[in-house]
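Please look through the sequence and the model below before reading on.

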Amino acid sequence: MPKSLTKTQIAQYDEAGYLAPIPVMAEGEVLALRQKLEAIEAEMGGPLRGDLRHNPFLAGLVRHPRILDAIEDVLGPDILCWSSNFFIKEATDPAFVSWHQDSTYWGLSSPDVATAWVALTPSNAANGAMAVIPNSHKLDQMPHRDTFHRHNLLTRGQEIAVEVDESQSVPLNLRPGEMSLHHVRLVHGSAPNPSFDRRIGFAIRYIPTSIRQLEGEDSATLVRGEDRFHYFEHEPSPRIDMDPALLELHRQIAARNAKILYRGTGVTSFNDPAALRG
């Protein structure tokens, strides 16, 4: 029996590779999260950069029951949060996300991976919403090329190395507090934000506990069910936002993850100048 999604919604996710919109939070909750983010940015002296984009806070959001219920409906009851990070496009900024598949450099043993993309602001055609190519998750892993383009928000500026039929794309319009789900092999990307407000999204990557990391040591957070496999080191939960001890642990985890995501490029961390382009 599904936890939150209908059988029709689950069938759409299985067939098309994505589902949106899914309500998660009320407007007041979303505003509080945006204010928390922007308070931390003010304290840090500007927008999050480097390893801080790979989120060391918002631990409550990755465990939000409405998110986890939907994830359980598509991945099963035993769930790890493998990673999370902000995708922020500043007002009138040329930042974009090229057409890509998430699975390209993640090093995971199976494509049974789902991303919850939570909107903290409106996300629509006017400010660079994510767009997807329906059914493309049924394709095998496609070849990609690295660009390290200074305005590309992806780790390596990676883009699909074959032509993408953009006429088939579907924009995922979300209101603040709504989310989309997409499969790890779904082809997706997003245009720049020409509007006069920030577009803020928070991407959370969930995996079943049966998946392994093939490219080195890795860690994740058990957010629901039981981990009978123990392929990933379990990460502790912060007691307070920006806990100094956990920030240091987060930096160590980010450095280890960077070795996986940037393998073969010469880039050594999310704080490397090549990773901080733009």
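This is a predicted model: local features need pLDDT of at least 70, side-chain atom pairs count only at pLDDT 80 or more; totals for chains, interfaces and linings use all residues.

Which exposed residues does the face of H1 turned away from its buried side carry? Helix H1 covers residues 7–16, and its buried residues are Ile10, Tyr13 and Ala16. Seen down the axis of H1, these buried residues fall within an arc of 155 degrees, so they line one face of the helix. The face turned away from them carries Lys7 and Thr8, which are exposed. On the buried side, the packing partners are strand E1 (18–23), helix H4, strand E4 and strand E9 (178–183). Just after H1 comes Gly17, which takes a positive phi of about 90 degrees.

Helix H2, residues 27–44, can be read in a similar way. With its 18 residues it reaches 26 Å from the first C-alpha to the last, which is close to the 26 Å expected at 1.5 Å a residue. Its buried residues are Val30, Leu33, Arg34, Leu37, Ile40 and Glu41. Why do they lie on the same side of H2? The reason is that they cover an arc of only 125 degrees around the axis. The other side of H2 has Gly28, Ala42 and Glu43, which are exposed. The buried residues of H2 are covered by elements including helix H3 (59–62), strand E2 (79–89), strand E4 (114–119) and strand E11 (199–208). Just after this helix, Gly45 takes a positive phi of about 90 degrees.

Helix H4 is mostly covered, since 9 of its 11 residues are buried. Those buried residues include Ile67, Leu68, Ala70 and Ile71, but also Asp69, Glu72 and Asp73. Just after H4, Gly76 has a positive phi of about 105 degrees.

In soluble globular proteins, nonpolar side chains tend to be buried together. Here the largest nonpolar core has 36 residues, and those with the most contacts inside it are Ile67, Phe86, Met179, Leu181, Ile204 and Tyr206. The largest share of this core, 6 residues, comes from helix H4 (residues 65–75). To see how one member is placed, follow Ile67, which touches Val24, Leu61, Ala116, Val118, Met179, Ile204 and Tyr206, leaving aside residues up to four places away in sequence.

A search of the whole structure finds 3 aromatic pairs. One of them joins Phe86 and Phe202 in a tilted arrangement, with 4.9 Å from centre to centre and 50 degrees between the planes. This pair links distant parts of the chain, for Phe86 sits in strand E2 and Phe202 in strand E11, 116 residues apart. Both Phe86 and Phe202 are buried.

Asn152 lies in the loop between strand E6 (144–145) and strand E7 (159–160). Is Asn152 buried or exposed? Its relative accessible area is 3%, and because residues under 20% count as buried, Asn152 is buried. The side chain of Asn152 makes a polar contact with the side chain of Ser98, at 2.9 Å.

Note on methods
Residues are numbered from 1 along each chain as its sequence is written. Side-chain values use heavy atoms; hydrogens and water are left out. A nonpolar core is a set of buried Ala, Val, Leu, Ile, Met, Phe, Trp, Tyr and Cys residues joined through side-chain atoms within 4.5 Å. Buried means under 20% relative accessible area, exposed over 50%, partly exposed in between (1.4 Å probe, protein chains only). Helices (H or I, at least four residues) and strands (E, at least two) are DSSP runs, numbered from the N terminus. Contact means heavy atoms within 4.5 Å. The expected span of a helix is 1.5 Å times one less than its number of residues. The arc is that of the directions from the helix axis to the C-beta atoms. A polar contact is a pair of N or O atoms within 3.5 Å; within protein, one must be able to donate a hydrogen and the other to accept it, and residues adjacent in sequence count only if both atoms are side-chain atoms. Rings of Phe, Tyr and Trp (its six-membered ring) pair if their centres lie within 6.5 Å; planes under 30 degrees apart count as stacked, over 60 as edge-to-face and the rest as tilted.
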